[in-house]
Amino acid sequence: MKSYHADERGYYGEFGGAFIPEMLYPNCEELRQNYLGIMEEPSFKEEFHQLLKDYVGRPTPLYFANRLSEKYNTKIYLKREDLCHTGAHKVNNTIGQILMAKKLGKNRIIAETGAGQHGVATATVCALMGIECIVYMGEIDIARQAPNVARMKMLGAEVRPAKSGSKTLKDATNEAIRDWINNPVDTHYIIGSVVGPHPYPDMVARFQSVISEEIKNQLQEKEGRENPDYVVACVGGGSNAAGAYYHYLDVPEVGIIAVEAAGKGIHSGESAATSALGKVGIIHGSKTLLMQTQDGQITEPYSISAGLDYPGVGPMHAHLYASGRGEFISITDDDAMHAGLELSKLEGIIPAIETSHALAIFENRKFKPDDVVVVNLSGRGDKDLQNYIDYFKL
Amino acid sequence: MNRIKQKLQEDNPPAGRAGKILSIYFSAGYPKLNDTVKIIQDLEKNGVDLIEIGLPFSDPLADGPTIQESSTAALKNGMNTALLFEQLKDIRKSVSIPLILMGYFNPVLQYGVEEFCAKCEEIGIDGLILPDLPLDVYTEEYEPIFKKHGLINVFLITPQTSEQRIKAIDDASEGFIYMVSSASTTGAKQGFGPEQSDYFERIAKMGLKNPQIVGFGISNAETFQQATKKAKGAIIGSAFIKHLTANGVDNIGDFVKQIR
C-alpha cells in the first residue's frame, strides 16, 4: 500500500531530504542516527508520556461542538489542543525534543517562533529542565505577539529579534539555523514545525502524532468508530496538521483537509497560500512547495496570523497536496477573523487566529449532515486578543 | 583542461607568492548592478588567482551579515541569474583565471540544473560552489550533468566533518576542497587560535588527493598567512565586500596588496 509517511531518507514522494550546508551536516546526522532509537527507549517513552499526561494535561478533550454543528448541519468535533499547557499543541513537540536534547547531551537550546506559541512552549520546557534557551523571533512578530514575548521572558528565555528580510518567521528560522552553525556541539535546535532538514519533519510529526492517536480512541468512544469522515487543520509549516492527520494518512476513507492562509486574497500579493502559489523548491533544508520568484528567490509571505506567515509548507504536506491525498483550501484574513469570533460566540471558545482559518472551512465548504468532521483546535486566542480587538474594534 | 585544476597544479607560481592561492569572493551586482565585470577584471589584473562570483540569494543560511547584506542589496539592484549570465557572456575575452559561481541551490534548481550548467560552460565558468547541495544528492542526481559541462563542484568541510566523510568528499571532489576554518557563518574574525591550527594540521596530515583552500575568517595578511601555512590557498569574502562598501570598485588593487 502507498504510504504517506517519510521514507528512511526523509522523503515524502519527491519532497523532503536534507539540503543543508556542510556546517549543519554533523548536527543533523547525529540526530538522524539517533532519533528513532531514542524514541523507542522505554525510559524516553515513559518520561515523554508522563510529562504529556501530568504536565501538558493530555489527553486533551475531543469536544462535540453542538451549536456549531447545528449551524452548519454536520457533526463537528473540536480536538482541544488549546487546552494544552501553554495554550497550543506546540508543547507536545517541545517536550519530546527537550528529552531528545538531554539524551544527546546538549546543554543549550535554540528555537524560532512566529506567533510565539512554539517559543513559549520551548521556553517552558527549558525552564522545566533548567536548560539555557534562546528564541529567535521576527521583529514584526515581536511587535504583534507581545504577550507571548513577555511569557518567554518570564520563563527565562532570551528573545532575539530577527531583523532581516520580512522580519517574520522565515527570517527567525534563518537566524536560528545560523546560530546552530556557529554552535554545533553543545546546542540542540528545537524546530517547531514539520519543516527543516530530515529528520525534523518526521520527528516533529511523530511527537505530534499523539493528537490523532487520541482522536481515534475518543471517536471510538463517542461515535463507535475510529475514523472521522474528515480531519481539518490549518497549515503554516503544518505541525498541528501533521499531528492531527498522522494516524489517518494511510487510511484513504478519512478525508484530509488542509487550510492555508490566503491573507488578503490568494492573488493580492499579500498571501501565504503556499499550495496555490508555490512551486517545488528548497527552503530551510527541505525540498518542498515554496512561494518564490521565477528566479528562485523566496517570496515574503503575508498573513494576519503570525503562525501561518511562512512561505513554505512541510514536505509531508507538499506531498499530500501534490498526490491529491489532501484537499487544500485557502482562507482570507477576513474569513478567518469572522470564524474566530463565531466560535467564541457559539461555543465560548476563543481560538488562536491560526485555528480560526481552519474553522472558516464551514463557510466555504459543505459537509453532509451525518459527516463526522474533526477540526484540530490548535491553540487558544489569548495571545491574539489585541488583533481581535483591533479588527473588530472591541 | 579545467582552469581550476590547471591553476592548482602550477609548478611555478609568480615570484613572491610561494605557491599560495588567493581567492576572492564577491556578490554579483554589488555595490552597483553593473560592477560585476569590472571587479573580476581588476581582481585578475591585481594578481588574484581565483574568483568566486556570488549569485545572490534571499535566504543565505551559511552567510554572516556582511555577505547577506551585499546579497540583499544586489537583489534590490536587480541582479538575477539570467542577468548575471548576460553580464558574464563576454568575460572570457578579457579574463583568463578560473571563475567559480557560488550560490544556493534553489536559484539553480529554478533555472534548471542542466540549463544552468550548459550556460556556465558556454560562458567559461570552471566550477560551482553550492553549499546546500548535499554530497549524496549531487552524486546521485547531478554529477553527470556537471561533468558533461566541464564543471567542477566544490565541496565544503568543517572542523566537525568526520574523517570518513572527508574521505568521501575527497573522493567526489576535483580541483580543491573548500575548508571552512571554524564552526561559523561567513565573516571576518580576529585571527586563528590553536584550535584552528590543530584542525589545519590534522587535515594536512590526511594526505587528501585534492588540495585544500581555507575560507571563512580570513581578512588580512596575517590571517591569510596563518590559513595558508598548511593549505594550498585561502578565500576572502566578507573583508573584500567591506572594502567594496567603503570604496566602491576603486582601489581594488590596494585591497589585494594588503593581503600578500
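How many bridges join strand E11 of chain A to strand E12 of chain A, and which way do the two run? Five bridges join them, and the strands run antiparallel.

## Before we start

This is a predicted model, in which local features need pLDDT of at least 70 and side-chain atom pairs count only at pLDDT 80 or more, while totals for chains, interfaces and linings use all residues. Residues are numbered from 1 along each chain as its sequence is written, chains are lettered from A and ligands numbered from 1 in the order in which they are written, and side-chain values use heavy atoms, with hydrogens and water left out.

## A hairpin in chain A

Let us return to the opening pair. Strand E11 covers residues 279-283 and strand E12 covers residues 286-290; strands here are DSSP runs of E with at least two residues, helices are runs of H or I with at least four, and both are numbered from the N terminus. Two strands pair if DSSP finds at least two bridges between them.

Within this pair, A:Gly281 has A:Thr288 of E12(A) as its bridge partner. Two residues lie between the strands of the hairpin, where A:His284 takes a positive phi near 50°.

## The largest cavity

A cavity is a set of points, on a 1 Å grid over the protein atoms alone, where a 1.4 Å probe fits but cannot get out; its lining residues have an atom within 4 Å of a point. Grid points are joined across faces, edges and corners, and a volume is the space filled by probe spheres set on the points. There are six cavities of 30 Å³ or more.

The largest holds about 340 Å³ of space. It is lined by 30 residues, and the closest to its centre are A:His89, A:Lys90, A:Leu169, A:Ser239 and A:Gly307. Because domain 1 (12-52 + 90-199) and domain 2 (57-87 + 209-392) of chain A both give residues to the lining, this cavity lies between them; the domain bounds come from an automatic or database domain assignment.

## The second largest cavity

Next comes a cavity of about 230 Å³. Among its 28 lining residues, B:Asp63, B:Ile67, B:Tyr178, B:Thr186 and B:Phe216 are the closest to its centre. Helix H3 (65-77), strand E9 (233-236) and helix H11 (238-247) of chain B each supply at least two lining residues.

## Where the chains meet

In chain A, 33 residues are in contact (heavy atoms within 4.5 Å) with 36 residues of chain B.

How values were computed:
1 Å grid on protein atoms, 1.4 Å probe; cavity = no way out; pocket = protein on both sides within 12 Å on 5 of 7 lines; lining within 4 Å.
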